[in-house]
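Please read the numbered points below with the sequence and the model open beside you.

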Amino acid sequence: MSSALIVPPTYAPIPPAIHPLHADIDARTAAWAHAFRIGSEGLRERLVTQEIGSFAARILPSGRPEVVQVLGDFVLWLFGVDDGLCEEGELGLEPGALNAALQRLLWIAEHPEADILTDDPLARGLRDLRARVAEYGTAGQTKAWIDALREYFLSVIWEASHRIAGNVPDLDDYTLMRLYDGATTVVLPMLEMAHGYELRPEERALPGIRAAAQAASFVICWDNDLFSYHKEVRERGQTGGYYLNVIRVLQHHRGLTADQALTEAIGQRDRVMVLFQSLCATLRAQGSPQLRQYLADLGHFVRGSMDWGITSVRYTTPDDPAALPARFSTTPTGTGPVDIPSIAWWWDVLDRLDGTAAHRRRRPATPPLVGARVGVTNGFSW
């Protein structure tokens with residue numbers, strides 16, 4: 001399968017931003033990786049060149065530097081788990097053994113006093129991260145971070161089960177998995193920590209806020225699938241290895257070419273981006289100062305992921321360059337609901353929030369026959 005896929009500019013209504021200390025943060029994240037020996041030597045040497053600390057600085061451009069540093073170190077640790085244990089290691093083909101390894105790490109996150117895995121680099125790194133999360137976050141935020149880590153671990157085990165079977169989940173199941181497998185939910189508590197606030201429980205539970213956070217995760221994960229496609233196909237697809245992203249899901253279940261699947265995936269992410277902006281605008285007008293900061297942080301997370309995705313050597317692969325966009329678009333390819341059952345409720349929430357029928361759910365037209373060119377088909381009370 002050829003990986004020659006040209007990714008066009010995608011819709012970005014959110015302006016870019018980066019923390020002024022981004023270079024220092026990136027250097028310290030690299031030093032942290034070496035100090036804790038995260039991943040194999042070869043993997044670690046690759047990770048420290050990928051500007052992961054700068055990625056954290058894009059997510060939290062005005063956050064407390066110490067929390068931005070925790071986030072940079074944590075994201076690199078996550079890549080140590082994902083790349084090292086799940087995709088490149090033998091455990092990625094043994095869901096049961098992978099589950100046991102991840103549950104031991106989760107136990108350390110919950111009980112850092114436990115006398116286990118004292119010489120394991122990932123465990124040592126996680127203990128350090130757990131201590132700093134507890135230092136800069138509240139007890140509730142620390143618990144939310146651990147709970148999200150549990151969700152992430154469950155999702156990578158789910159993916160491992162598909163990897164060992166060599167099958168491809170359908171789009172709805174893939175969407176559910178990707179919202180956790182993308183490790184976006186483990187970042188969310190750090191958005192609050194970085195600015196010293198904590199959402200009220202009654203705010204956090206509202207459907208509109210849940211929908212906005214999930215919509216941000218969707219855009220981040222779909223963008224990552226687009227930007228990482230060349231890397232994944234080059235590293236695994238062309239050698240018969242297993243890889244999984246939205247382009248492969250659409251190709252497999254709808255009989256599309258890679259270019260057609262790319263067009264459809266961009267249409268989906270653009271529609272969700274429009275929804276995200278609408279949700280944020282409505283919620284900002286009704287919410288607390290803390291909620292307005294949270295929504296701004298979600299926006300930085302979305303845009304920061306885009307900017308890092310098209311510039312990091314992790315995805316640009318300079319030795320075999322990926323055809324990624326050098327800029328973004330100011331116009332979406334389409335608006336309106338996406339026909340994925342598990343997320344269709346997001347548009348219903350927006351209807352109830354704004355009190356209009358302007359965004360009422362409409363089912364997109366039936367997809368064209370296999371081989372046809374695929375285009376983009378055009379509240380809750382506080």
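1. The structure holds twelve aromatic pairs, where rings of Phe, Tyr and Trp (its six-membered ring) pair if their centres lie within 6.5 Å, and planes under 30 degrees apart count as stacked, over 60 as edge-to-face and the rest as tilted. The rings of Tyr 152 and Phe 153 have planes at 45 degrees and centres 5.8 Å apart, so this pair is tilted. Tyr 152 and Phe 153 are both buried, a word that stands for under 20% relative accessible area, whereas exposed means over 50% and partly exposed lies in between (1.4 Å probe, protein chains only).

2. This is a predicted model, in which local features need pLDDT of at least 70 and side-chain atom pairs count only at pLDDT 80 or more, while totals for chains, interfaces and linings use all residues. Residues are numbered from 1 along each chain as its sequence is written, and side-chain values use heavy atoms, with hydrogens and water left out.

3. Which residues do ring pairs link into a cluster? They are Tyr 174, Phe 218, Trp 222, Trp 346 and Trp 347. Phe 218 and Trp 222 lie four residues apart in helix H11 (residues 207-235), and are therefore separated by about one helical turn; helices (H or I, at least four residues) and strands (E, at least two) are DSSP runs, numbered from the N terminus. Phe 218 counts as buried because its relative accessibility is 0%, and Trp 222 counts as buried because its relative accessibility is also 0%.

4. Two arginines deserve a look beside aromatic rings, where a charge sits over a ring if NZ of Lys or CZ of Arg is within 6 Å of the ring centre and within 35 degrees of the ring normal. Arg 248 lies over the face of Tyr 243, at 5.1 Å from the ring centre, and Arg 314 lies over the face of Phe 79, at 3.9 Å from the ring centre.

5. Helix H12 (residues 246-254) has Val 246, Ile 247, Val 249, Leu 250 and Gln 251 among its buried residues, and what covers the buried residues of H12 includes helix H8 (171-181), H11 and helix H13 (258-286), with contact meaning heavy atoms within 4.5 Å. Just after H12, Gly 255 takes a positive phi of about 65 degrees.

6. The count of salt bridges comes to 18, a salt bridge being a side-chain nitrogen of Lys or Arg within 4 Å of a carboxyl oxygen of Asp or Glu. In one of them the side chains of Lys 143 and Asp 147 meet at 2.7 Å, N to O, and these two residues are separated by about one helical turn because they are four residues apart in helix H7 (residues 139-165). Lys 143 is exposed, with a relative accessible area of 51%, whereas Asp 147 is partly exposed, with 27%. Asp 147 also forms a salt bridge with Arg 150 (3.0 Å, N to O), and Arg 150 is partly exposed at 28%.

7. Where do the partners Asp 319 and Arg 234 lie? Their side chains meet in a salt bridge (3.1 Å, N to O), and the pair links distant parts of the chain, with Asp 319 in the loop between helix H15 (313-316) and helix H16 (345-354) and Arg 234 in helix H11, 85 residues apart. Asp 319 counts as exposed at 64% relative accessibility, while Arg 234 is partly exposed, with a relative accessible area of 22%.
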